[in-house]
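Please walk through the model below with attention to its aromatic rings, its surface and its core.

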Amino acid sequence: MSDSVGFWVRLSIFMAVYCSQPMLVDYMKLLGAANPSTFLYMVPHYLAMIPIGFLPAEKKWSECKWKGAIIVSVTDIAHQLAEKVGLVYGGSAMYSVVSSSAIVWTAVAAKWVLGKTFSWTQWAGMYLIVMGLSLLSVNTEFSLQNEEFIGVIFVVASGILHAMTFVLYEKYMTDEEDKVPGTILTGMMGIISSVALVVWSCVWTLPRLN
């Protein structure tokens, strides 16, 4: 398979999963299986990351420090949980629009943490995203009794955390002293996050199953 064909295959799989996930969570909510406090739907996500860590890399696991993986994992868990709570409360339509704010937050975080610069066209694109979010706010009732508004708060918070996850991930992949290959870093994150959510499920979710 050529590189270009492989790219489009991977992109197609990513888009299929990315687009279907919000609708599946909506369906789970309809069936009563997406209580925001359970986080069961996140366990497969992190378990799937573990095998990536065993793909060929320029370093061995024993040569890599876990510090960066722990920091990125904590940030990513916070992002994933806030995102899924926002999705459950706000619904897939709201989530699809508001989650795009992560692009803006990523640019801000990359400039702040990594010192990156962006062209005026990139900033213009981010401005359009902000304008789209502003149009959404016109039709949203700002009340803590409104589930969609609660969802917006959580999704915006998740966008900021998502941005920090991307930036920290790149930081530890390129760090001269504590560099960790991307595949191993992904595997480490999968292990750390899976353990955390399995413990949560055993302590909180399973005792409350009907």
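Trp 61 counts as partly exposed because its relative accessibility is 23%, where buried means under 20% relative accessible area, exposed means over 50%, and partly exposed lies in between (1.4 Å probe, protein chains only). This is a predicted model, in which local features need pLDDT of at least 70 and side-chain atom pairs count only at pLDDT 80 or more, whereas totals for chains, interfaces and linings use all residues. Residues are numbered from 1 along each chain as its sequence is written, and side-chain values use heavy atoms, with hydrogens and water left out.

A search of the whole structure finds four aromatic pairs, a pair being rings of Phe, Tyr and Trp (its six-membered ring) whose centres lie within 6.5 Å, with planes under 30 degrees apart counted as stacked, over 60 as edge-to-face and the rest as tilted. Among them, Trp 61 and Trp 66 form a tilted pair, 5.9 Å centre to centre with 55 degrees between the planes. Trp 66 is partly exposed, with a relative accessible area of 34%, and ring pairs link Phe 54, Trp 61 and Trp 66 into a cluster.

The pair formed by Trp 200 and Trp 204 is stacked, because the ring centres are 5.6 Å apart and the planes are at 20 degrees. Trp 204 lies in helix H8 (residues 182-205), helices being DSSP runs (H or I, at least four residues) numbered from the N terminus. Trp 200 and Trp 204 are four residues apart in helix H8, so they are separated by about one helical turn. Trp 200 is partly exposed at a relative accessible area of 35%, and Trp 204 is partly exposed at 30%.

These two residues also belong to a nonpolar surface patch with Val 195, Val 199 and Val 203, and the patch has about 450 Å² of accessible area together.

Key:
Patches are made of residues with over 30% relative accessible area and no salt bridge: like charges are joined within 9 Å, nonpolar side chains (Val, Leu, Ile, Met, Phe, Trp, Tyr) within 5 Å. Accessible areas come from the Shrake-Rupley method with a 1.4 Å probe; for residues, only the protein chains shown count as cover. A salt bridge is a side-chain nitrogen of Lys or Arg within 4 Å of a carboxyl oxygen of Asp or Glu. Helices (H or I, at least four residues) and strands (E, at least two) are DSSP runs, numbered from the N terminus.
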